[in-house]
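Please open the structure in your viewer and keep the sequence beside it. This tour goes from one selection to the next and says what is there at each stop.

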Amino acid sequence: MKTLTHYVLRLGDNGLVLSQRLGAWCGHAPELEIDLALANIGLDLLGQARNFLTYAAELEGEGDEDTLAFQRDERQFSNLLLVEQPNGNFADTIARQYFIDAWHVALFTRLTQSQDRQLAAIAAKSIKEARYHLRFSRGWLERLGNGTALSTQKMQQAVNDLWRFTAELFEADEIDLALVAEGIAVDPRSLRAEWEAEVFAGLSEATLSVPDESAYRSGGRKGLHTEHLGPMLAEMQYLQRVYPGQQW
């Protein structure tokens, strides 16, 4: 598979998997306004995923967005481990969303300058959505962190539990480095300072502590996932697997 196709698939898989996670909140969120907000963020991410996956299919010269979403197996997905983590309670979802939103804002801002015009165009559209997502997740991070003793405890626990998946956001491999040299991709390592500035400030405003460095986990971009992705894909892909090629 071409290097650029790999890179575009990674971006598409992140949005696809996270949108599926957020969609599971529909009808189950703490209140109606949050229910609608999470659903809308999920739809934004699904739209981003569709743009990236459609482009990946064009680069590959076969299939389409549906083929890539529904006909690949777990080991063929290259999303970050962070986005496949279960929804858990509302604090878990907010911590996961805040970490990825801060990363998306930094990433898409830089990706608008890509020498690949299609990637730059997708990023230009996505950055507007990502900034709104960040306002939402940071707002709830601060609200829960500065809320009751219970909400503070749950928010801190969520941050602690998900922290081990954040280092993967900044790992660069041969695919990244080859495309960075061509002016196409963003070097993930260049995102760390901006991400940490945002996240450390957000945690401070929420009176939450930055977790100590622990045993970080990675491998999602190489198809090495946690135990949570397989069951989620089985549910997401069920209809297309049973009735291949069906359309609404």
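**Aromatic pairs**

Across the whole structure, a search finds eight aromatic pairs, where rings of Phe, Tyr and Trp (its six-membered ring) pair if their centres lie within 6.5 Å, and planes under 30 degrees apart count as stacked, over 60 as edge-to-face and the rest as tilted. Select Tyr-98 and Phe-99, which form one of these pairs, a tilted one with 6.4 Å centre to centre and 40 degrees between the planes. Both Tyr-98 and Phe-99 are buried, a word that means under 20% relative accessible area, whereas exposed means over 50% and partly exposed lies in between (1.4 Å probe, protein chains only).

Before you go on, note that this is a predicted model, in which local features need pLDDT of at least 70 and side-chain atom pairs count only at pLDDT 80 or more, while totals for chains, interfaces and linings use all residues. Residues are numbered from 1 along each chain as its sequence is written, and side-chain values use heavy atoms, with hydrogens and water left out.

Now extend the selection to Tyr-98, Trp-163 and Phe-170, which form one aromatic cluster together with Phe-99 and Trp-195.

**Along helix H4**

H4 is mostly covered, with 20 of its 22 residues buried.

Where does Gln-156 lie? Its place is in helix H6 (residues 149-162), and at 16% relative accessibility Gln-156 counts as buried. Leaving aside neighbours within four places in sequence, Gln-156 is in contact (heavy atoms within 4.5 Å) with Leu-208 and Ser-209. If you also select Pro-211, 55 residues from Gln-156 along the chain, you will find the C-alpha atoms of the two separated by 8.9 Å.

Then move to Thr-207, which lies in the loop between H8 and helix H9 (229-242). Is Thr-207 buried or exposed? Thr-207 is exposed, with a relative accessible area of 53%, and its phi is near 55 degrees, a positive value in a residue other than glycine.

**The whole chain**

Finally, show the chain as a cartoon: there are nine helices and zero strands in it. Its C-alpha atoms fill a box of roughly 55 × 45 × 35 Å, taken along the principal axes. Buried residues make up 52% of the 248 residues, and of the contacts in the chain with a separation of 6 or more, 79% come from residues 24 or more positions apart.

Notes. Helix = DSSP H or I, 4+ residues; strand = E, 2+ residues; numbered from the N terminus.
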